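Subject: Handing over the structure

Hello,

Here is the structure I promised to pass on to you. Have a look at it first, and then read on for what turned up in it.

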Amino acid sequence: MLRPPFFYPAILALACLFGAPLQSTTVIPFVNLAELTHASPVVVAARAMSPQETAFADGQVFRDTRFSVVRTIKGPLQPGDAFSVRPYAFRQGDMHAVIEGDFEPEPGKTYLLYLSPAGDAWRPVMLSYYVLEEFTHDGEAYWMPSEAARQIHAWPRPDGPAPEPLGVYRQQTLEAALKAQVAAPATPWPGVQLLAVVPPAGMQASDRALPTDCNFTWGVDLVRWENQTLNLRHNPTSAPSDIVARLTAVTSAYATEYEGTDMNYAGAASPVYVPNCVGGQAQGGNFTDYMDDLPGGSQNILVIFNDPCGQIADVNNCAGTLAIGGFYYFSSTHSYKGDTWKDAGYGFTIVNDTIYPNCLSAVNYERLLTHELTHAHCMGHLTPAQYNNQNMYPFCCNAIGVKDEECMDYVYDAFPAPVTLIAFRAEAGPNGGVQLFWETGLEYQNQYFEVEKSADGARFVPMVRVAPAVLNAPNTYEVTDANPFPGENYYRLKQVDFDGTVHYLGIRQVVAAIEGSLYVAPNPVQGTQMHVYLPVEIPNGTLQLYNALGQLVFSRNIDEHEGRDPIDVPIAEGAKGTYMLVFKSDPGRVISRLVCLK
């Protein structure tokens with residue numbers, strides 16, 4: 001049989017009550033780090049050393065990482081002790097199981113770890129969510145959430161208390177507070193007073209191939225189901241008594257809101273799936289062989305109940321991991337809207353014991369399943385605050401919304417365009433302009449193209465209309481934007497049929513050249529990060545951000561070769577006000593003012 005070389009699961013983690021769905025893991029956190037410390041068997045500061053492979057008789061190979069304890073907060077591991085941290089990811093033959101939100105230590109780095117046992121190794125209590133990594137700023141040591149932790153999103157706790165947000169902490173201050181909790185659990189917790197306003201380095205912006213804030217990228221690959229017809233089935237073993245009603249409601253909502261998808265609820269799977277639990281994994285072992293024997297084979301999504309292989313720790317008063325789920329993807333690819341996509345297959349969700357109806361209402365359970373199945377259709381979370389009423393915003397518990405539909409309708413088009421898009425590119429050109437190119441396959445019923453532009457990727461205006469070159473034939477097009485916005489530019493390619501039907505074929509991002517000034521996007525700042533574009537030709541210098549009191553809140557040395565790349569500058573939560581951005585170099589300095597509206 002054909003074996004897929006990769007699969008990407010989505011994990012659903014819960015740290016206190018009720019449920020949370022996700023692509024990049026979603027959690028309901030503990031009230032604060034004190035509560036987490038009391039619940040964790042081991043809390044240590046430890047340095048990551050070299051990785052090592054641990055093989056099991058069933059063929060599963062884990063890439064464990066050896067750690068050395070630097071300081072002990074709680075538990076039996078003492079300074080100098082060596083131990084292994086085991087990921088959830090593994091390889092088995094020609095397949096790789098990868099879980100978003102998994103902890104992937106970087107050798108040489110020091111981490112603050114809350115650990116629970118995993119056989120002969122240890123795992124972080126809640127994947128990467130509570131993993132903090134060490135960094136220094138102006139000679140002082142800090143703890144900050146790891147990059148993987150920043151991809152995990154927290155739902156509000158339904159039991160009342162608002163969970164304390166994670167942030168940057170002074171190392172000595174946080175560790176002293178945690179040790180005080182271990183020594184005397186009744187010690188008052190300092191709370192947000194522990195947070196320090198020191199920004200971590202940001203990530204570079206990249207070209208967009210999707211509508212703004214839509215995410216179908218897993219690892220480095222765009223992934224979708226090329227065949228949009230899928231069969232949703234449930235394994236009858238330990239299924240809730242009303243599961244048919246719940247899944248029928250989910251697929252009905254899917255069909256109404258995601259018109260381009262074709263997910264058919266096929267009822268209980270027959271024969272019943274009995275996992276052989278090789279490697280302790282319900283979605284491993286005989287899973288793909290079983291799916292291949294179902295009508296539709298790899299075009300099936302199977303919901304499995306009661307964690308039959310015990311791979312998920314049991315919930316405790318609804319605290320813990322609710323479910324894991326996701327899909328495999330193949331090395332084979334297909335072209336869609338000018339991009340190369342990997343082929344998805346073999347969807348699954350494994351639900352933990354007793355979470356419904358004990359921990360979730362019927363409505364929230366349906367919305368959880370809807371969220372998870374949208375992940376099984378390869379869509380990740382919507383993270384910006386303006387999407388907090390959408391199903392794919394990682395906070396409980398929303399029905400499918402307009403932005404959800406925009407993302408899914410782009411990737412699973414209900415009304416395929418009469419134009420096959422082979423390629424679409426946007427490039428910074430000479431004299432500060434932007435050049436756009438697109439190539440089509442066979443065109444028919446095509447009245448015209450229109451290129452739209454935007455400074456923020458959300459609000460587009462028409463730029464130029466382009467007539468088809470030759471109908472019923474492949475064509476190549478090129479247009480130039482001679483007056484791009486300074487900094488970020490987004491270009492959307494629109495195609496219109498003779499009957500007026502509109503198809504959006506793709507969005508591309510490019511940074512236009514900037515001469516002699518700083519440019520900040522967005523400005524005003526409404527999130528937790530802004531992009532700063534420096535003059536194109538710059539010497540070495542220092543980029544600094546000052547608040548309204550004249551206090552330095554960010555500083556970074558800039559190399560002359562960074563002039564064309566955006567510099568990501570984080571903004572601390574609750575940092576509303578006016579700021580001054582200064583770039584200092586030997587010839588002088590360049591100043592820009594910005595406003596934060598948070």
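Where in the chain is Pro271 found? Pro271 sits in the loop that runs between strand E17 (262-268) and helix H4 (287-293). Please keep in mind throughout that this is a predicted model.

I started with that proline for its peptide bond: Ser270 and Pro271 are joined by a cis peptide bond, with omega at about 0°. Tyr356 and Pro357 are also joined by a cis peptide bond, and omega there is about 10°. Pro357 belongs to the loop between strand E20 (339-351) and H5.

**The chain as a whole**

The secondary structure comes to six helices and 34 strands. The chain has 598 residues, and 55% of them count as buried. If you take the contacts between residues at least 6 apart in sequence, 67% of these join residues at least 24 apart.

**Two helices that pack, H3 and H5**

How do helix H3 (residues 243-257) and helix H5 (residues 362-376) pack? Their axes are 9 Å apart and the angle is about 55°. H3 and H5 are therefore oblique to each other, and H3 passes H5 in a right-handed crossing. On the H3 side, the residues that meet H5 are Ile243, Arg246, Leu247, Ala249, Val250 and Tyr254. Their partners in H5 are Ala362, Tyr365, Glu366, Leu369, Thr370, Leu373 and Thr374. Sorted by class, this contact of H3 with H5 has nine nonpolar, two polar and two charged residues.

H5 also holds Arg367. With a relative accessibility of 31%, Arg367 counts as partly exposed. Leaving aside neighbours within four places in sequence, Arg367 is in contact with Asn391, Cys397, Asn398 and Ala399.

**Helix H6 and its buried side**

Which residues of helix H6 (residues 402-411) are buried? They are Lys403, Asp404, Cys407, Met408, Tyr410 and Val411. These residues cover an arc of only 160° around the axis, which puts them on the same side of H6. There is a general point to go with this: an α-helix has 3.6 residues a turn, so residues three or four places apart point the same way.

Tyr346 is not a glycine, yet it has a positive phi of about 55°. Tyr346 is placed in strand E20 and counts as buried, at 2% relative accessibility.

Gln445 has a positive phi of about 55° as well, and it is not a glycine either. Gln445 lies in the loop between strand E22 (434-443) and strand E23 (446-454). Is Gln445 buried or partly exposed? Its relative accessible area is 48%, and Gln445 is partly exposed.

Pro468 is in the loop between strand E24 (461-466) and strand E25 (475-481). Its relative accessible area is 21%, so Pro468 is partly exposed; the cut-off for buried is under 20%. Not counting residues up to four places away in sequence, Pro468 touches Glu443, Asn446, Gln447, Tyr448 and Tyr477.

Ala121 is in strand E9 (residues 121-128). Ala121 is buried, with a relative accessible area of 2%. What does Ala121 touch, residues up to four places away in sequence not being counted? Ala121 touches Ser84 and Arg86. Phe83 is 38 residues from Ala121 along the chain, and their C-alpha atoms are separated by 6.9 Å.

Gln544 lies in strand E30 (residues 541-546). Gln544 has a relative accessible area of 11% and is buried. Apart from its neighbours within four places in sequence, Gln544 is in contact with Leu552, Phe554, Ser555, Met580, Leu581, Val582 and Lys584.

Enjoy looking around, and write back with any questions.

Best wishes

Notes: Residues numbered from 1 in each chain as written. Predicted model: local features only at pLDDT ≥ 70, side-chain atom pairs only at ≥ 80, totals over all residues. Heavy atoms only, no water. Buried < 20%, exposed > 50% of the residue type's maximum accessible area, 1.4 Å probe, protein only. Helix = DSSP H or I, 4+ residues; strand = E, 2+ residues; numbered from the N terminus. Arc of directions from axis to C-beta. Axes fitted to C-alpha atoms, helices over the stretch in contact; angles between N-to-C directions. Parallel < 35°, antiparallel > 145°, perpendicular 65-115°, else oblique. Left-handed = near helix turned anticlockwise from the far one by under 90°. Contact = heavy atoms within 4.5 Å. Nonpolar A, V, L, I, M, F, W, Y, C, P; charged D, E, K, R; others polar.
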